Amino acid sequence: MGISKRIALAATAALALTIGMAQAQEKTIKIATEGAYPPYNNLTSDGKLVGFDVDIANALCEEMKVKCEIVAQEWDGMIPALQASKFDAIIAQMSITPERKEKIDFSKKYINTPAVIAAAKDSDIKGVTKEDLAGKTIGVQGSTIHYNYAEKVYTDSTVKSYPTADEYKLDMANGRLDAVSDDAVTLGAWLETADGACCKIVGTIPNMPEIHGDGAGVGVRKGDPLADQFSAAIDAIRANGKYKEINDKYFKFDAYGS
């Protein structure tokens with residue numbers, strides 16, 4: 001082979017390598033969030049996704065030095081859509097539970113907040129036990145750890161499932177429910193609004209690991225190395241102060257949990 005031909009082949013190989021590296025760097029990771037669960041994730045009137053999860057997703061992508069696109073996905077179809085490769089990761093307050101770990105992989109947790117029960121301010125509900133809620137109608141968003149807990153524990157109550165948190169909040173505000181159950185931050189933020197002025201938190205639900213899991217993590221498809229990459233990025237933003245900056249924008253406590 002002539003020298004000129006070898007030079008040409010080497011140049012072609014170098015160009016292909018350069019293009020390949022550029023394409024890898026330009027690859028976009030698509031991240032799904034619900035867009036209906038403030039203050040974690042929500043859609044503004046002009047269709048922009050905002051909230052704690054969105055800020056965390058952007059911070060993780062920046063730390064990983066990758067380009068990310070954040071999209072809205074209805075909660076009920078979140079895991080099936082991930083498995084169908086409609087996006088690459090979930091950052092939507094999805095708790096790391098044994099049941100979900102059978103279907104997808106997770107990063108380490110990036111937040112861990114407790115579940116609570118809220119009721120009308122003049123309610124006779126005094127606590128969160130099975131006996132406290134006996135005979136009551138409880139509203140909960142379906143396909144969540146809160147719904148699973150209510151179904152398992154509040155067997156003397158009527159547990160009503162809703163597609164989104166906004167819908168159970170509307171029924172609660174209009175007196176069609178006796179109580180609701182959800183994450184402490186979500187309900188706490190709602191109680192500070194005009195619509196949530198009807199109600200109060202009556203107590204914190206004790207953690208049941210087999211249902212509540214180990215906090216919320218980034219969900220990815222089985223075997224995807226993104227799980228480890230996101231875990232490393234979570235450690236990094238915890239260490240460099242970016243996590244605290246985002247945390248303090250939304251909360252008055254460390255939402256990462258113990």
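Which helix gives the most to the lining of the second largest pocket? The analysis that leads to the answer rests on a predicted model, in which local features need pLDDT of at least 70 and side-chain atom pairs count only at pLDDT 80 or more, while totals for chains, interfaces and linings use all residues. Residues are numbered from 1 along each chain as its sequence is written, and side-chain values use heavy atoms, with hydrogens and water left out.

The chain holds ten helices and 13 strands, taken as DSSP runs numbered from the N terminus (helices: H or I, at least four residues; strands: E, at least two). Of its 258 residues, 47% count as buried, where buried means under 20% relative accessible area, exposed over 50%, and partly exposed in between, with a 1.4 Å probe and protein chains only. Among the contacts with a separation of 6 or more, 68% join residues 24 or more positions apart, a contact being defined by heavy atoms within 4.5 Å.

Pockets were located on a 1 Å grid over the protein atoms alone, a pocket being an open set of points where a 1.4 Å probe fits, with protein on both sides within 12 Å along at least five of seven lines, and lining residues having an atom within 4 Å of a point. Volumes refer to the space filled by probe spheres set on the points, which are joined across faces, edges and corners. The second largest pocket has a volume of about 250 Å³ and is lined by 15 residues, of which Ile79, Glu99, Arg100, Lys103 and Ser143 lie nearest its centre. Two or more lining residues come from each of helix 3 (78-83), helix 4 (98-101) and helix 5, and it is helix 3 that gives the most, with three residues. By class, this lining has six nonpolar, five polar and four charged residues; Ala, Val, Leu, Ile, Met, Phe, Trp, Tyr, Cys and Pro count as nonpolar, Asp, Glu, Lys and Arg as charged, and the others, Gly among them, as polar.

The largest pocket has a volume of about 400 Å³ and is lined by 26 residues, with Ser95, Thr113, Ile145, His146 and Asp183 nearest its centre. The elements that give two or more residues to this lining are helix 5 (145-153) and strand 11 (179-183). Its composition is eleven nonpolar, eleven polar and four charged residues.

When residues up to four places away in sequence are not counted, Val218 touches a set of residues including Leu60, Ile90, Phe106, Tyr110, Phe230 and Ile234.

Helix 6 is followed by Gly175, whose phi is positive, near 75°. In helix 10 (residues 242-250), Tyr243, Ile246 and Asn247 are buried and cover an arc of only 100° around the axis, which puts them on the same side of the helix. Lys244, Glu245 and Lys249 are exposed on the other side of helix 10, whereas the cover over its buried residues includes helix 2, strand 7 (105-111) and helix 9 (226-240).

Backbone geometry was also considered. Most residues other than glycine have a negative phi, and most peptide bonds are trans. The peptide bond from Pro38 to Pro39, however, is cis, with omega near 5°, and Pro39 is found in the loop between strand 2 (36-37) and strand 3 (41-43). Gln93, although not a glycine, has a positive phi of about 60°; Gln93 lies in the loop between strand 6 (89-90) and helix 4 and counts as buried at 12% relative accessibility. Ser143 likewise has a positive phi of about 60° without being a glycine, and is found in the loop between strand 9 (137-141) and helix 5, where Ser143 is partly exposed, with a relative accessible area of 43%.

Definitions and conventions: Arc of directions from axis to C-beta.
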